[in-house]
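Let me put the model up on the screen, and we'll walk through a strand and then some charged pairs.

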Amino acid sequence: MIYHLHVESVSCNTKSASAVGLASYISADKITADYTGVAYDYSRKPYVEETHIFLPENAPERFADRSCLWNEVEKIEKPKNGKMCQAIDAAIPNELNLDEAKEVFYKFGEYFAAQGIICDAALHAVPGNMHLHCLLTTRPVDQDGFVKFKTRSAYKLDEEGNKIPLLDQEGNQKTDKRGYPVWQRIRISATNWDTKEWLLDVRKEWENLCNDSLERSGIDGRIDCRSYEAQGIDRLATRHEGRVARELADKGIISPVIEDNQRIRHINHIMDLKLMKELDGIEAREDERDKIEAAQDPSDEDDERNLDTGWGKEW
């Protein structure tokens, strides 16, 4: 089984990036962007089996409306201060049926809502390529809507946890207008949703949810969020191909990702053959050793035992 979960930040600075457009695409919904006036209509998109907006407990109910949610995101997020949302796509093991996939889908969405993240999720039941999409908000939310600031000011601390003074050119600590000492300050994120540790937790959660479902279904296989290297497997990982690349391949058009995967599979095949050859060599040596031991004269062993007994008695 192949593990696939990809997270991508959707930046305000990206050309033609639109949270409204992405939400329309994953949900097969028709939404108009208030800021640009562009109407996005993916209502004819096939295989969209399930959609749901997972809200934290303190989020206003109006955000359950997809158009309201993402238009407000585009309104509050500015080009100068970063990301509109984080987009996740994850492959569901083909061994799971649709009902089992839906169960994983809802548990994954609830996982984000419990952290205070609004998650707009969609399950795409493409034959042979069942997967889900999630759009995650990046700004904390309260009962009134999105909070004003994503970051907050804090004292900069040294290795021992002490505040660091702000010095003038002569090396003396600066003071404010009231004569109070001034300390160095930094801006820190109000959440941990953009950290490597958080991403690793997300990947592990997806692994656990899928494997729990596989186990309940009596399926032996499991997925693993770790790289082949971390698992101690001497193989190269293939890239996720997706529906578009596979449809092109069916028409005889080989996309770069398909071509890369063909090359990777060829390399892995050569590595497998080399490993099999090494294992065959080890097995042949063991067989030869067994033949030698089997051909040994039993009387020789008796002589050796008698010899050992004799030395024991003598000493």
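Strands here are DSSP runs of E, at least two residues, helices are runs of H or I, at least four, and both are numbered from the N terminus; two strands pair if DSSP finds at least two bridges between them.

Quick caveat: this is a predicted model, where local features need pLDDT of at least 70, side-chain atom pairs count only at pLDDT 80 or more, and totals for chains, interfaces and linings use all residues. Residues are numbered from 1 along each chain as its sequence is written, and side-chain values use heavy atoms, with hydrogens and water left out.

E5 also pairs with E1, residues 5–11, antiparallel over 7 bridges, and there leucine 5 sits opposite alanine 90. How many residues of E5 are buried? It's 8 of the 9, so the strand is largely enclosed by the rest of the structure. Buried means under 20% relative accessible area, exposed over 50%, partly exposed in between, with a 1.4 Å probe and protein chains only.

Now salt bridges, meaning a Lys or Arg side-chain nitrogen within 4 Å of an Asp or Glu carboxyl oxygen. The whole structure has 10. One of them joins glutamate 77 and arginine 139 at 3.0 Å, N to O. Glutamate 77 is buried at 6%, and arginine 139 is buried at 2%. Finally, Asp29, Arg66 and Asp120 form a salt-bridge network.
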